Amino acid sequence: MFKVTATELPRLLTCNGSRLLSNLPAVNVEDTVKDEGNAADWLIQQVFTGQHLLEELVDRKAPNGVYITEEMADNLQEYLDWIVGKGEIERDCSYQGQTWEVRGRADHVYYDGYTLYVSDFKYGWKIVDVVENWTLISHAIGWMLQNSVVPKQIEFRIYQPRPYHPEGTVRSYYINADHLQERYQQISHTLDNLNDQLQTSKHCYRCPSMAICPAAQQAGMNAIDVAYKAFDSEPTNDQVEFLLEETKKAMETLKQNLNAYEDLAFNRLKSGQVFKNYQIQQDLGRETWCDNVTPEVLEMMTGVDVSKRTLVTPNQAIKAGLDKDFVKSLTTRPNKGVKLVRANANEQASKLFNKRGV
């Protein structure tokens, strides 16, 4: 039986042939964000299950050694306010057909008798889109099949507190029961009729086979061509928009290709192969204090006070008891200038009136 995880499903639906390529181990992986995410997951579990209050865990270490900071607690507050006392966390939402199985575990699922809420908490910095998010859709399908219940409405939620997004840190997307059934049929049909085609897309991000994928290699060469193109003076607005989209795609494709080829080179160098112009070196970060070194310890040992006082965030000040309007009168948001953001007028209007998919 062919098995795929709900996390891998979006890539497989777009690129059936990806399942046939070998997975290359990632070498130069940034673990900090992953470790912080694991610590956040542990914190969520502790609070949801009633073992601790959120504020009790600040300045304590998670089992993986990451300190729970006030900033992390502040980032988790909105998500915890929503999930505590409702539904289940880490809910198994697996399901299968005759020749395949989709294995999934939802961060949080809650059904109120009318709406099924499927929520995902993301502590990373790469923006995760809630619209047509096949991982969340898969979780909803698995829950529906396991419980033999067809909810009237399904609300998908992404909680992503750290990166900026024009729609905010909590983003929602609604579909109705008919649309959920249609997506289930689409998944079933695709998994019952998998082909060998390779297709590049945004799902190439962190694909473990990218360095040996001929479609990705071809896309990389095309991206180089696009990235170096110049455009005529006075292009139309449509031409400018097209060039913006294509150049952004080209830059992202080149970035993903570079990461994949670096991993491939690392693996070959570690196995003893030789490159003319590349070798492995230790990449050392800035010096940091050891875990047991505190300002009090240093002052006791040297007589020098190296501590400093810092303000908590405005949100933390409000939670500490300061009046919200008072805090607002003493805070500001620096203007960083203007920037170009991608937005569709029709989609924005649809979201405003909550008519999308319902």
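Predicted model: local features only at pLDDT ≥ 70, side-chain atom pairs only at ≥ 80, totals over all residues.
Reader: What makes the 31 residues a nonpolar core, and which have the most contacts inside it?

Author: The term covers buried Ala, Val, Leu, Ile, Met, Phe, Trp, Tyr and Cys residues joined through side-chain atoms within 4.5 Å, where buried means under 20% relative accessible area with a 1.4 Å probe and protein chains only. The largest such set has 31 residues, and Y95, V102, F156, L180 and I187 have the most contacts inside it. Among the elements that each supply at least two residues are β7 (153-159), β8 (170-176) and α5 (177-192), helices being DSSP runs of H or I of at least four residues and strands runs of E of at least two. Helix α4 gives the most, with 7 residues.

Reader: Which residues does F156 touch?

Author: With contact meaning heavy atoms within 4.5 Å, and not counting residues up to four places away in sequence, F156 touches V118, V130, L136, I137, A140, R171, S172, Y173 and I175.

Reader: What else counts as a core?

Author: A second, separate core of 25 residues includes M72, Y79, Y123 and Y159.

Reader: How many residues of the lining of the second largest pocket are nonpolar, polar and charged?

Author: The lining divides into 11 nonpolar, 12 polar and 11 charged residues, and its largest share, 5 residues, comes from α3. P161, Y164, T169, N315 and R333 lie nearest the pocket's centre.

Reader: What limits apply to these values?

Author: Local features need pLDDT of at least 70 and side-chain atom pairs count only at pLDDT 80 or more, whereas totals for chains, interfaces and linings use all residues. Residues are numbered from 1 along each chain as its sequence is written, and side-chain values use heavy atoms, with hydrogens and water left out.

Technical notes: Buried < 20%, exposed > 50% of the residue type's maximum accessible area, 1.4 Å probe, protein only. 1 Å grid on protein atoms, 1.4 Å probe; cavity = no way out; pocket = protein on both sides within 12 Å on 5 of 7 lines; lining within 4 Å. Nonpolar A, V, L, I, M, F, W, Y, C, P; charged D, E, K, R; others polar.
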